[in-house]
Amino acid sequence: MDTDLVVRAQSGDEGAFASLAVAVGDRLHAVAHRILRDIDLAEDATQQALLSIWRDLPQLRDPARFDAWSYRLLVRACYAESHRDRRWEPNLRLLPADEPITADGYSSVVDRDQLERGFRRLSIDHRAVVVLHHYLDLPLDEVAETLGIPAGTVRSRLHHAMRGLRAALDADARPTTRKAAQ
Amino acid sequence: MSRTDRDVTRVVRSWLEDGVTALPDRVLDAVLDQLPTTPQRRSRWAARRRPNMNNSLRIGLAAAAVVVIAFIGYQLVSGSNVGGPGPAETPTPLPTGTAAPSPAPAADFPPAGALAIGRHALIRGGVPFSFELPTADWSSSGNPWINKDAGVTPEGAAMLFWNPDPDNVFADPCARTALSPPAGPTAADLAAAMSSVPGTDLVSGPSDVTVGGYPAKLVVLTVREDIACSPTGLYLWYFEDEAGELCGGELVCGRYATALGDTIRVWIVDVDGERIVIEGETYRGAGPEVEQEIQQIVASIRFE
């Protein structure tokens with residue numbers, strides 16, 4: 001991250017913040033979507049996180065830590081959104097050109113469906129650890145620092161989350177096994 | 001087959017790669033719009049630092065901020081005029097409509113904002129018609145849908161007025177695999193296709209009904225609780241949005257579910273060969289009053 005932009009935005013420079021928001025917006029949104037598994041909630045969480053970043057930016061002591069700090073605010077926003085009642089939104093969306101409607105479907109659709117179910121059963125605490133570690137590739141100590149929790153707690157949450165996801169994936173194989181045994 | 005930890009990690013990582021990444025411009029614009037009214041929280045250490053900024057730099061930064069704000073403002077203003085095919089004049093909703101007189105002058109759709117009790121005019125696909133709202137808690141999105149302004153579940157509701165109407169449904173809504181061959185051109189064809197969209201349960205229909213004096217098909221669906229993706233990833237039907245009218249692009253515009261357990265009522269009206277599709281969606285746990293209100297609105301529809 002361009003620390004000069006961060007410093008200027010800390011001083012109330014809206015232009016610098018606009019550049020900063022453009023630079024980080026996609027990444028924050030991608031993380032929010034992976035934690036919340038809902039595009040609309042993710043958009044709301046990202047919007048709230050960006051406003052929190054703007055509001056609290058003067059309190060960030062080390063501009064070089066901007067990324068980790070912004071993820072912490074984003075995860076907080078995800079918590080808030082996950083508990084918010086939904087408002088009916090226009091349910092029409094342009095389907096991305098890189099995800100064409102095909103007759104073939106998704107190559108590993110079974111795994112994906114099982115993971116989706118398993119992931120949605122996890123708490124936001126556990127989802128955040130999985131996404132920060134396995135999507136953003138943050139080392140566990142950085143995940144701990146980002147979330148403001150001990151490294152041991154991060155390891156524990158990751159372990160439980162991955163166990164849950166493995167169970168979800170294995171659940172797909174069980175009916176086949178039972179069927180073969182009959 | 002047992003998976004190793006490495007297998008699970010690989011599958012999870014691959015799965016996480018799949019999904020949206022781009023933040024829509026409208027979200028970014030909404031954030032930037034709010035900056036002038038969102039004060040920053042100053043810490044003491046930051047406050048001490050500010051006096052070190054020289055005046056020319058401060059003026060320069062302020063000027064840059066003004067330029068950015070002006071630019072964003074210009075984009076918003078000019079953007080609001082882009083693609084606006086309809087007349088600029090907006091209809092004036094009738095204040096209180098006990099006698100339901102003639103509708104306000106026709107426009108493509110009531111402008112965004114609260115809708116008064118009474119009759120409201122719209123045009124979909126060149127077909128002018130109107131509907132009457134029995135209560136004052138509905139609002140228009142400015143696009144072809146209105147929201148019951150309870151705002152939150154379970155008493156919120158929405159109605160869509162489609163034309164262009166859905167071309168086809170999804171055979172696999174989570175994977176966005178289209179039904180092949182696609183649904184046919186008649187109201188009955190589309191109703192039959194909608195009746196069997198995976199991820200939904202058919203409550204009733206297709207039934208023969210009448211809307212505004214024209215023959216129609218009614219299909220009632222609920223979104224299943226055990227779908228394999230999030231409800232907003234469950235795409236039910238779509239149309240080719242060649243004009244960029246609803247989705248803002250010349251591509252496929254998909255309609256997705258809102259929440260698990262939602263009930264979606266679809267009226268497919270055949271107005272002299274033109275399909276008008278009307279939807280009413282309510283949340284799980286919605287009381288009978290909401291459904292009754294939707295029925296009442298559909299029953300009030302008059303084609304001009």
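Visitor: Which residues does B:Leu236 touch, leaving out those up to four places away in sequence?
Guide: B:Leu236 touches B:Val169, B:Phe170, B:Pro173, B:Val197, B:Arg255, B:Tyr256 and B:Ala257. Keep in mind that this is a predicted model.

Visitor: How many residues are in the largest nonpolar core?
Guide: That core has 61 residues. B:Leu236 is among those with the most contacts inside it, along with B:Met159, B:Met194, B:Leu234, B:Trp267, B:Ile268 and B:Val269.

Visitor: How many bridges pair β1(B) with β4 of chain B?
Guide: There are 3 bridges, in the antiparallel sense, and β4 covers residues 138–140. Within this pairing, B:Leu115 has B:Trp138 as its bridge partner.

Visitor: What does B:Trp138 stand opposite in β5(B)?
Guide: B:Lys148. β4(B) and β5(B) run antiparallel and are joined by 3 bridges.

Visitor: How many residues sit between β4(B) and β5(B) in their hairpin?
Guide: There are 4 residues between them. B:Gly142, in the turn, has a positive phi of about 90°.

Visitor: Which way do the residues of β5 in chain B point?
Guide: B:Trp145 and B:Asn147 point one way from the strand, while B:Ile146 and B:Lys148 point the other way. All of them are buried.

Visitor: What is opposite B:Ile146 in β6(B)?
Guide: B:Met159 stands there. β5(B) and β6(B) run antiparallel, with 4 bridges joining them. B:Met159 is also one of the residues with the most contacts inside the largest nonpolar core.

Visitor: New topic: helix α6 of chain B. How far apart are its end C-alpha atoms?
Guide: They are 16 Å apart. The helix has 12 residues (288–299), and at 1.5 Å a residue it should span 16 Å, which agrees.

Visitor: Which of the α6(B) residues are buried?
Guide: B:Glu293, B:Ile294, B:Ile297 and B:Val298. Seen down the axis of α6(B), they fall within an arc of 135°, so they line one face of the helix.

Visitor: Why do residues three or four places apart point the same way in an α-helix?
Guide: Because an α-helix has 3.6 residues a turn.

Visitor: What covers the buried residues of α6(B)?
Guide: The cover includes β3 (127–133), β6 (157–162), β9 (200–211), β13 (263–271) and β14 (274–282) of chain B. On the face turned away from the buried side are the exposed residues B:Pro288, B:Glu289, B:Gln292 and B:Gln295.

Visitor: What does B:Thr177 count as, and why?
Guide: B:Thr177 counts as partly exposed because it has 19 C-beta neighbours inside 10 Å, and a residue needs 20 or more to be buried. B:Thr177 lies in strand β8 (residues 177–178) of chain B.

Visitor: Last one: how many helices and strands does chain A have?
Guide: Chain A has 9 helices and 1 strand. Of its 182 residues, 46% count as buried.

Conventions
Residues are numbered from 1 along each chain as its sequence is written. Chains are lettered from A and ligands numbered from 1 in the order in which they are written. This is a predicted model: local features need pLDDT of at least 70, side-chain atom pairs count only at pLDDT 80 or more; totals for chains, interfaces and linings use all residues. Helices (H or I, at least four residues) and strands (E, at least two) are DSSP runs, numbered from the N terminus. The expected span of a helix is 1.5 Å times one less than its number of residues. A residue is buried if 20 or more other C-beta atoms lie within 10 Å of its own, exposed if 12 or fewer, and partly exposed in between; C-beta atoms are placed from the backbone. The arc is that of the directions from the helix axis to the C-beta atoms. Two residues are in contact if their C-beta atoms, placed from the backbone, lie within 7 Å. Two strands pair if DSSP finds at least two bridges between them. A nonpolar core is a set of buried Ala, Val, Leu, Ile, Met, Phe, Trp, Tyr and Cys residues joined through C-beta atoms within 7 Å.
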